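The paragraphs below walk through a model, one part after another. Please keep the sequence and the structure open while reading.

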Amino acid sequence: MNLVLVFLLSGIIACSRAKSAYKPTPRLLLVSFDGFRADYLKTYNLPYLQDFIKEGVLVEHVTNAFITKTFPNHYSIVTGLYEEAHGIVANAMFDAATKKNFSQFNDVDPFWWDEAIPIWVTNQWQENRTSAAAMWPGTDVSIHNTTPHFFMKYNRSVSFSKRLENIIRWLNSSDPLVTFATLYWEEPDASGHQYGPEDTKNMSNVLQEVDKLVGHLVKSLKVSELWDKINVIITSDHGMAQCSQERLIKLDTCVEPWSYRLIDKSPVAAILPYNETYVYDKLKTCNPNMKVYRKEDIPDRYHYHHNERIQPIILVADEGWTIVQNETLPKLGDHGYDNAFPSMHPFLAAHGPAFRRGYKRKTMNTVDIYPMMCHILGLTPQPNNGTLTNAKCLLVDQWCINIPEAIGIVIGALMVLTTLTCLIIIMKNRTPSLRPFSRLQLQEDDDDPLIG
Ligand SMILES: [Zn+2]
């Protein structure tokens with residue numbers, strides 16, 4: 001009988017040890033819906049996205065990198081670097097030393113991307129880890145001689161369903177096991193540009209479509225039994241501001257077009273002047289709704305200075321203003337403006353075994369996403385501008401201090417201590433009796449001394 005008990009107990013102990021020792025390889029899917037402004041989540045009814053958030057975490061506003069454009073911010077998300085550090089400083093660039101040009105139609109030269117190492121490369125340099133990508137900017141480029149093991153050449157006419165189908169198939173491949181995957185979709189950015197974010201009818205339509213894609217994504221992960229095992233981050237690169245024909249800044253009214261080359265366009269225009277002083281002097285008084293900076297005077301908070309690809313003069317339009325040379329308004333919505341504007345911020349939502357459930361916080365930085373992703377995947381991060389501290393509260397395995405909560409706890413504890421101290425002092429000061437001690441007068445026939 002005793003022997004049977006010993007066997008049973010040892011069996012239970014062995015099972016529980018095996019269970020605690022088993023740790024599945026962490027996996028992560030990073031999804032970007034381009035141009036998804038943070039407050040769309042509050043303005044529009046998006047049931048699939050809200051369901052996703054309910055079971056996971058939400059960061060309401062993500063402070064992205066300046067300039068708030070697509071290529072630079074997508075590279076900041078996957079490197080944790082400001083734009084001056086990772087080298088993708090605009091959607092259109094010119095390198096004076098090599099005379100090379102970069103644009104969204106000419107973006108696969110590794111020269112532009114090699115100043116940083118994105119997470120899909122770091123992931124793949126680790127043993128037994130593989131990356132997969134469906135059209136995230138830069139994933140079809142051989143960065144440091146490495147592309148994701150599975151990837152698609154960028155082609156905007158490929159449907160979301162096709163991209164998702166590939167991602168699911170790659171995630172289901174066990175040899176090699178895909179531990180990091182990324183998925184990109186052009187909406188609601190394209191509609192935001194076309195209609196402007198204040199066109200709530202058209203934006204509502206496109207956001208309903210995007211919401212259905214989120215539903216499609218979650219359903220596909222559930223059907224392939226990945227939903228409970230994989231970590232999913234849904235985020236974006238920037239928001240969108242409403243533009244207007246009434247808010248145009250025409251450079252031709254201030255400076256001759258032959259005196260400079262316009263490298264990148266509104267709302268942060270990159271100017272390569274042929275005579276810097278001449279062009280700067282003309283531009284600096286051009287329009288009160290546009291800030292004009294020489295490269296060395298760009299404010300530190302933009303972290304947009306230390307790179308050869310940043311042009312000698314940059315023009316920063318005020319929110320909702322458009323810089324043109326002599327054209328009419330090119331689009332009703334735009335982004336790229338100061339990253340302090342809430343309209344430029346995207347959101348971040350995440351779900352999976354690494355994330356808490358039902359947790360919300362107000363803000364984090366785009367550059368903090370990278371150290372968080374490296375932590376989840378168990379990768380040693382490359383040097384970066386982010387910090388894991390800002391993301392700790394989102395993660396189940398981290399102890400986090402919420403500053404307002406901590407202040408509340410400290411104030412509460414101080415109040416309790418003060419109350420206790422007061423009570424002790426009051427008790428101490430209370431003498432047993434204010435009456436002076438006097439001997440009880442006992443009557444001769446009284447045999448109970450306590451009465452009287
Ligand atoms: Zn974008």
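The UniProt entry, which is unreviewed, annotates residues 406–426 as "transmembrane region". UniProt positions are given here in the numbering of this text, feature names are shortened, and annotations may be inferred rather than shown by experiment. In the model this span is 100% helix and 0% strand, and its end C-alpha atoms lie 30 Å apart. Helices (H or I, at least four residues) and strands (E, at least two) are DSSP runs, numbered from the N terminus.

The model is predicted: local features need pLDDT of at least 70, side-chain atom pairs count only at pLDDT 80 or more, and totals for chains, interfaces and linings use all residues. Residues are numbered from 1 along each chain as its sequence is written.

Now to the sheets. Strands of a sheet pair through backbone hydrogen bonds, either parallel or antiparallel. Two strands are counted as paired here if DSSP finds at least two bridges between them. Eight strands form an open sheet with mixed pairing, in the order 6-5-7-1-8-17-2-18. Strand 6 (150–151) and strand 18 are at its edges; each has a single partner strand, so one side of each has no neighbour in the sheet.

Strand 2 shows both senses of pairing. With strand 17 (residues 348–351), strand 2 (residues 57–63) runs antiparallel, and three bridges join the two. Val57 stands opposite Ala350 of strand 17. With strand 18 (residues 359–365), strand 2 runs parallel, and here the bridges number six. In this pairing Val59 stands opposite Arg361 of strand 18.

Helix 12 (residues 369–377) lies across strand 1 (28–33), strand 7 (178–185), strand 8 (231–235) and strand 17, at about 155° to strand 1. Axes are lines fitted to C-alpha atoms, for helices over the stretch in contact, and angles run from 0 to 180 degrees between N-to-C directions. Residues are in contact if their C-beta atoms, placed from the backbone, lie within 7 Å.

Another open sheet has four strands in the order 11-12-14-13, with antiparallel pairing. Its edge strands, strand 11 (260–264) and strand 13 (290–294), each pair on one side only. From one strand to the next, the twist averages 25°. Strand 11 pairs with strand 12 (residues 268–273) over four bridges in the antiparallel sense, and Asp264 stands opposite Ala270 of strand 12.

Next come two helices in contact. The axes of helix 3 (residues 47–54) and helix 10 (residues 200–223) come within 7 Å and cross at roughly 50°. That angle makes helix 3 oblique to helix 10; angles under 35 degrees count as roughly parallel, over 145 as roughly antiparallel, 65 to 115 as roughly perpendicular and the rest as oblique. Helix 3 contributes Pro47, Tyr48, Leu49 and Phe52 to the contact, and helix 10 contributes Asp211, Lys212, Val214, Gly215 and Val218.

Last, consider one tryptophan, Trp112, in helix 6 (residues 110–113). Trp112 is buried, with 24 other C-beta atoms within 10 Å; buried means 20 or more such atoms, exposed 12 or fewer, and partly exposed in between, with C-beta atoms placed from the backbone. Leaving out residues up to four places away in sequence, Trp112 touches Gly87, Ile88, Met93, Phe102 and Asp107.

Key:
Contact = placed C-beta atoms within 7 Å.
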